[in-house]
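Open the model in your viewer and keep the selection tool at hand.

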Amino acid sequence: MGGKTVEDCVNEINRLADKAGLIREICSYQCRKYKWISSGLSLSILFFSASIAFLSIADPTILLSLSLPFHAQQDTRNVIAFPGFLIFVISFSDRILNLTETMNKNEQGVKILTDFIRDCHTFTDTGARDCDEITAALKLESIKEQYGYLNQVMTPNTLFSKTFLKIKKGYKMKVKVSKMLDADPNISISKYYSRSSAVRTTPF
């Protein structure tokens, strides 16, 4: 097993959990993004459907009084047909872009990675206290196999460098705050952020 101590195994498992945590943050970001896009498309379909319903049942004299850009029956039909065409395009955009499928995959990824991270922390926080080096090494190998399997089955997310760095920075801050709260549950996080911002903005 490479002669690793229990502490070595715990540190390596923590590093794998940290990597998985960052991947989970990326999946969560992608899931929120695609959910927002999907909600926007659904609202668009609802809006255009309501427009068609209104134009279909409205009295032509009322439409003319509203100064809408049509003055004949054929114009009315053309205007009604346009929202109908947009609904058709939007409905198929989900299939073409695989929005729902991608959102579901990222959501599932968040759940799977959460279980993996919980398993890692369960061992490093409690399980490692009463085990020997051989048991710790076996657990490390098991965690490595799970992590490798997750990397194989999960769909990779492509992000812009700026977006990735933003997510990574937010994740690191979240981990730091979590450790601070574990050490002192009564610490003022708002004061910490204020102090950190003051340090970053102080000129050299």
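The stops below cover the core, the salt bridges and the surface patches.

This is a predicted model, where local features need pLDDT of at least 70, side-chain atom pairs count only at pLDDT 80 or more, and totals for chains, interfaces and linings use all residues. Residues are numbered from 1 along each chain as its sequence is written, and side-chain values use heavy atoms, without hydrogens and water.

**Core.** Select Phe116 and Phe123. They have the most contacts inside the largest nonpolar core, a set of 22 residues. (Core members are buried Ala, Val, Leu, Ile, Met, Phe, Trp, Tyr and Cys joined through side-chain atoms within 4.5 Å; buried means under 20% relative accessible area, exposed over 50%, partly exposed in between, with a 1.4 Å probe and protein chains only.) H1, H4 (99-125) and H5 (133-153) each supply at least two residues of this core. H1 gives the most, with 8 residues. (Helices are DSSP runs of H or I, at least four residues, numbered from the N terminus.)

**Salt bridges.** The count is 7, taking a side-chain nitrogen of Lys or Arg within 4 Å of a carboxyl oxygen of Asp or Glu. Go to lysine 139 and aspartate 119: their closest N and O atoms are 3.3 Å apart. This pair links H5 to H4, 20 residues apart. Next, arginine 118 and aspartate 115 pair at 3.0 Å, both within H4.

**Surface.** Finish with Phe85, Phe88, Val89, Phe92, Ile96 and Leu97, a nonpolar patch with about 640 Å² of accessible area together. (Patch residues have over 30% relative accessible area and no salt bridge; like charges are joined within 9 Å, nonpolar side chains within 5 Å.) Phenylalanine 92 sits in H3 (residues 73-97).

Technical notes
Areas by Shrake-Rupley, 256 points an atom, 1.4 Å probe, with all protein chains shown as cover.
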